[in-house]
Amino acid sequence: MPELAAHVRDVPINQIREITEAAWLTPGAVVLSIGEPGFPLPRHVLDAGMACLDRDETNYTPNAGIPALREAFAARFREQQGCEVGADRVYVVDGAQQGLHFAMSLLLSPGDEILIPNPGYPTFAMTSRLLNAVPVGYPLYPDHGFQPRTGDIEALITDRTRVLVLNSPSNPLGAVLSEDLTKELVELARRHDLWVISDECYEAFTYDVPHVSPARFDGDLPGEARVFTSLTLSKTYGLTGLRIGALVCPPGLEQKMNNVMESIVSCVASPSQYAALAALTGPQDYVRHAHEHYRTNRDAASAVLDSKGIPYLKADGAFYLWADVSHASGGDVRGWVRRFLAESGVALAPGTAFGSIGEGWVRIALCGKRQELLDGLARLPERA
């Protein structure tokens with residue numbers, strides 16, 4: 001048969017899925033390798049999705065989503081971040097991953113470079129490669145708390161650089177960008193005339209520090225603004241399988257957004273949209289409960305790592321711990337997590353899934369049951 005396109009052949013395997021699927025085939029495995037909220041969905045959210053089906057509201061919706069949901073996303077963003085964002089700038093997307101693909105499709109031409117965090121979420125690189133663009137990792141070093149430094153990023157900018165990707169709270173790190181650093185990074189993008197894609201999947205989950213969106217420091221007029229904000233309800237409300245999120249665009253791009261959305265998915269399924277509307281506008285008990293659960297799991301897991309002498313990055317956000325297992329992994333953390341699963345029945349995401357600087361580290365998901373989390377971490381080898 002004919003060969004696949006070169007840019008598809010070059011897309012690497014997702015190491016998170018690799019270890020997780022191996023764990024799913026391992027009887028009794030403790031799966032700490034994937035970020036899947038484990039709480040039952042609120043009844044009012046389920047009812048809203050089912051009511052949409054009951055009334056047979058299953059036709060196309062506008063490309064950008066149903067108006068009430070667009071306004072609900074905009075209202076939440078205004079309330080949380082103080083940004084004057086209207087519903088006309090909100091595009092309902094088929095999960096945050098489709099939102100990232102949507103934004104990159106708008107901004108990247110073949111051969112363009114996109115700056116992504118290293119360590120950072122794997123699909124930043126995978127998606128840009130699918131668009132024939134070139135991902136360039138900017139370093140997040142342990143010695144600097146895995147925070148980006150403006151100078152490190154600026155040194156990587158070339159005449160082909162088009163986009164800077166920011167992710168706060170960070171997956172996999174749990175690191176959160178401060179207000180001053182966020183402003184500095186937006187100013188860097190403005191200075192070099194770069195677009196910014198801000199992945200804010202975990203914006204609802206920060207602990208004792210605020211989440212600050214780069215959109216706070218963006219321009220307000222067409223031609224001045226440069227920040228695309230990717231939001232999702234997968235983590236905030238546990239709607240991972242309903243595939244629902246939003247992409248907030250700079251002003252003046254509405255028609256282009258419609259054209260590209262039509263060519264990718266046309267529109268998002270209507271039952272998912274009505275379930276999302278209920279989640280955003282109804283009782284928020286789920287979010288409060290999840291926030292407390294993730295915080296207490298973080299603290300309990302940190303205590304186990306402390307008792308074993310295993311270094312880790314304090315998680316200020318998201319629901320992961322980033323832990324240093326270099327004392328055990330021997331320079332091959334990808335191979336080590338496979339052996340650890342086989343020998344101990346515990347799945348952890350290897351740090352190399354997120355970039356070269358992740359060698360020797362693992363990401364631990366904190367979102368499951370506390371006792372399973374503690375049982376799994378108890379099997380980690382102590383650091384001498």
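The model is predicted. The protein chain holds 14 helices and 13 strands. Its radius of gyration is 21 Å, close to the 21 Å that the globule rule gives for 384 residues, so the chain is as compact as a globular protein of that length. Of those 384 residues, 56% are buried.

**Overall dimensions**

- Along the principal axes, the C-alpha atoms of the chain fill a box of roughly 60 × 55 × 55 Å.

**The seven-stranded sheet**

- Seven strands make an open sheet with mixed pairing. Their order is β2-β8-β7-β6-β5-β3-β4.
- The edges are β2 and β4 (134-139), and each of them pairs on one side only.
- Neighbouring strands of this sheet are turned by 25° against each other on average, with direction ignored.
- Strands of a sheet pair through backbone hydrogen bonds, in either the parallel or the antiparallel sense.
- Strand β2 (residues 90-93) runs antiparallel to strand β8 (residues 245-248), and four bridges link them. Within this pairing, Val-92 has Ala-246 of β8 as its bridge partner.
- On its other pairing, β8 meets strand β7 (residues 227-232), again antiparallel and over four bridges. Here Thr-229 stands opposite Val-248 of β8.
- Although β2 is an edge strand, both of its faces are covered. Val-90 and Val-92 are buried on one side, and Tyr-91 and Val-93 are buried on the other.

**The four-stranded sheet**

- A further open sheet has four strands in the order β9-β10-β13-β12. Its pairing is antiparallel.
- β9 (312-313) and β12 (349-350) are at the edges with a single partner strand each, so one side of each has no neighbour in the sheet.
- Inside this order, strand β10 (residues 320-324) and strand β13 (residues 361-365) are antiparallel and share five bridges. Tyr-320 has Ala-365 of β13 as its bridge partner.

**The largest pocket**

- The largest pocket has a volume of about 680 Å³.
- Its lining counts 29 residues. Arg-17, Gln-97, Tyr-121, Lys-235 and Arg-243 lie nearest the centre.
- By type, the lining has 11 nonpolar, 12 polar and six charged residues.
- Helices α2 (15-24), α5 (96-107) and α6 (122-130) each supply at least two lining residues. The most come from α5, which gives five.

**Lys-235, a residue of the pocket lining**

- Lys-235 is among the residues nearest the pocket centre. Its place in the chain is the loop between β7 and β8.
- Buried means under 20% relative accessible area. Lys-235 has 14% relative accessibility, so it counts as buried.
- Lys-235 and Phe-319 are 84 residues apart in sequence. Their C-alpha atoms are 9.4 Å apart in space.

**Cis peptide bonds**

- Most residues other than glycine have a negative phi, and most peptide bonds are trans. The next two groups list exceptions.
- The bond from Asn-118 to Pro-119 is cis, with omega near 5°. Pro-119 sits in the loop between β3 (113-118) and α6.
- Ser-168 and Pro-169 are also joined by a cis peptide bond, with omega about -10°. Pro-169 belongs to the loop between β5 (161-167) and α8 (179-191).

- Phe-146 is not a glycine, yet its phi is positive at about 55°. The residue lies in the loop between β4 and α7 (150-154). Phe-146 is buried, with a relative accessible area of 2%.
- Asp-208 likewise has a positive phi, about 70°, without being a glycine. Its loop runs between β6 (195-199) and β7.
- Is Asp-208 buried or exposed? Asp-208 is exposed, with a relative accessible area of 64%.

Key: Residues are numbered from 1 along each chain as its sequence is written. This is a predicted model: local features need pLDDT of at least 70, side-chain atom pairs count only at pLDDT 80 or more; totals for chains, interfaces and linings use all residues. Side-chain values use heavy atoms; hydrogens and water are left out. Buried means under 20% relative accessible area, exposed over 50%, partly exposed in between (1.4 Å probe, protein chains only). Two strands pair if DSSP finds at least two bridges between them. On a 1 Å grid over the protein atoms alone, a cavity is a set of points where a 1.4 Å probe fits but cannot get out, and a pocket is an open set with protein on both sides within 12 Å along at least five of seven lines; lining residues have an atom within 4 Å of a point. Grid points are joined across faces, edges and corners, and a volume is the space filled by probe spheres set on the points. Ala, Val, Leu, Ile, Met, Phe, Trp, Tyr, Cys and Pro count as nonpolar, Asp, Glu, Lys and Arg as charged, and the others, Gly among them, as polar. Axes are lines fitted to C-alpha atoms, for helices over the stretch in contact, and angles run from 0 to 180 degrees between N-to-C directions. The radius of gyration is taken over C-alpha atoms; the globule rule is 2.2 Å times the number of residues to the power 0.38.
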